[in-house]
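Thanks for coming. Please have a look at the model first.

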Amino acid sequence: MLEMANEPERSTFSHAPLGGYQAGQRSITNRRGVSRFELMRRRERAALRNRPFIIGAIIFVLAVLAIPAYGFYRQYVEPPTEIAVKVEDSVYTRGDIVNYIRFFQRLSEDLGVPFELGTSAFEAMQTLQSNELAYHLAPRFGITVEQHEVDNQLESLLGFVADTTSDASMREHRSNVEETKKQFLNRIGLDEGVYRDFIRKGMFKERLRDELGKTLPRIQPQAEIYQIVLQDVSQATINRIERDLASGRTVGAIVLELSEDPNVQRTGGYIGWLPQGVRTDLDSILFGHKTNEDGSKGERVLALNTLSGGRYDEASRLWTAHIVSDFSEAREIADDHFDILANLEVDRYINEHRFEFDTAISLNSEVYDWINRQVRSNAIVPTATPESPFTSLEELNQ
């Protein structure tokens, strides 16, 4: 009894499995015998199991959002920056082509000259590449273009002619030019550096043409040509023309009487003296020669006062023929015809040396349609291609 009385009283809570503090436990909170650390480990394992599903959901949402974003990029962002013309390190994007067309379109509008869109996309690409090639070829002829010469060319394009009769008139002229240029820049929305580059490269080609024109002879063989136009051509009409020519009747009188050209009363069907190259469609009959049996060159294909074989145009339903009234082996070329021949010569020279440069033109129906749509929208298109000649002009006024 004494021993039992001295034995300490045992707590009824010393072995309680739940709810109280237990020695060795770092947390006073248990969940059915599971420690807080174990709960955290379980949550981490659950998160790891769910992570692929969460990542998959995020990827799916991004993919859904990427579809319209990619469509917007393909339709509005990428096309203006795609390279359309390349010559060595100089490239022109689609946006550059649009801006080039718009520049000259607005010049034409300001001067009251109708601007025909037509094949302007193709012509603009060809012109920009040709001008760039001329720029690369110009040093061979010692050709340079100064900034003040670009200014003078722009003034000419804007319709100004310098008045140097007095200091006052010159100041007034400069004031008018600057104001007109400022208004023009505001209308076209182009940075000045862009259109100045357009003008400058074009001037290099003009000066290259002038240098090559010096090699062309001013005295060349030429044929004097008349044109006769008929709507309802018949063999009887052709026979009548040939009889009149054989009888010695003047070509002008025959054409004035029989030609159905609406302009015949004004022009008399007279085309004038033509050197070879001005009308390439007629060169073969005007300057070509028949071949004799021994292989030597014979008489010209189209003899004097002889009706040429006619050409029928399905669109206009007109039959056109030509008559050579005279021929000269040595005649001075008219200035307008000489300009045509000089243009042909510079094009020939550029094409002859084109292979020396890395060149490319990217033009198909999709590019052609895109450029024309932008031009019709009356908007200046910004470009952002690093290799563009207008890299510093990436943010253009809209």
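I start with a pair of helices. Helix α8, residues 235-246, and helix α9, residues 251-258, pack at an angle of about 155°, and their axes are 10 Å apart. That makes α8 roughly antiparallel to α9. On the terms: angles under 35 degrees count as roughly parallel, over 145 as roughly antiparallel, 65 to 115 as roughly perpendicular, and the rest as oblique. The axes are lines fitted to C-alpha atoms, for helices over the stretch in contact, and the angles run from 0 to 180 degrees between N-to-C directions. Helices are DSSP runs of H or I with at least four residues, strands are runs of E with at least two, and both are numbered from the N terminus.

The crossing of α8 past α9 is right-handed. For handedness, a crossing is left-handed if the near helix is turned anticlockwise from the far one by less than a right angle, and right-handed if clockwise. From α8, the residues R240, I241, D244 and L245 meet V251, I254, E257 and L258 of α9. By class, that contact of α8 with α9 has five nonpolar, no polar and three charged residues. Nonpolar here covers Ala, Val, Leu, Ile, Met, Phe, Trp, Tyr, Cys and Pro; charged covers Asp, Glu, Lys and Arg; the others, Gly among them, are polar. Contact means heavy atoms within 4.5 Å.

A word on where this comes from. The model is predicted, local features need pLDDT of at least 70, side-chain atom pairs count only at pLDDT 80 or more, and totals for chains, interfaces and linings use all residues. Residues are numbered from 1 along each chain as its sequence is written, and side-chain values use heavy atoms, with hydrogens and water left out.

Now the whole chain. Its secondary structure comes to 13 helices and nine strands. Of the 398 residues, 35% are buried. Buried means under 20% relative accessible area, exposed means over 50%, and partly exposed is in between, with a 1.4 Å probe and protein chains only. Among contacts between residues at least 6 apart in sequence, 71% join residues at least 24 apart.

Next, helix α3, residues 94-110. How many of its 17 residues are buried? The count is 14 of the 17, so α3 is largely enclosed by the rest of the structure. At 1.5 Å a residue α3 should span 24 Å, and its end C-alpha atoms are 24 Å apart, which agrees. The expected span is 1.5 Å times one less than the number of residues. Just after α3, G112 takes a positive phi of about 75°.

Helix α3 packs on α7 at an angle of about 80°, with the axes 11 Å apart. The two are therefore roughly perpendicular to each other. D96, N99, Y100 and F103 of α3 meet Y195, F198 and I199 of α7. Those residues divide into five nonpolar, one polar and one charged.

Helix α7 also packs on α4, at an angle of about 65° with the axes 8 Å apart. That makes α4 roughly perpendicular to α7. Their crossing is left-handed.

K201 belongs to α7. Is K201 buried or exposed? At 7% relative accessibility, K201 counts as buried. Setting aside neighbours within four places in sequence, K201 is in contact with Y92, N131, E132 and Y135.

Helix α12, residues 335-353, has buried residues including F338, L341 and V346. The buried residues of α12 pack against α4, α7, β3 and β4. Strand β4 holds P275, which is buried with a relative accessible area of 1%. P275 and F338 are 63 residues apart in sequence and 9.0 Å apart in space, C-alpha to C-alpha. Beyond neighbours within four places, the contacts of P275 include Q220, I333, H337 and L341.

Last, two loops. E88 lies between β1 and β2 and has a positive phi of about 55° although it is not a glycine. E88 counts as partly exposed, at 29% relative accessibility. N305 lies in the loop between β6 and β7, and its phi is near 55°, again positive in a residue other than glycine. N305 is partly exposed, with a relative accessible area of 35%.
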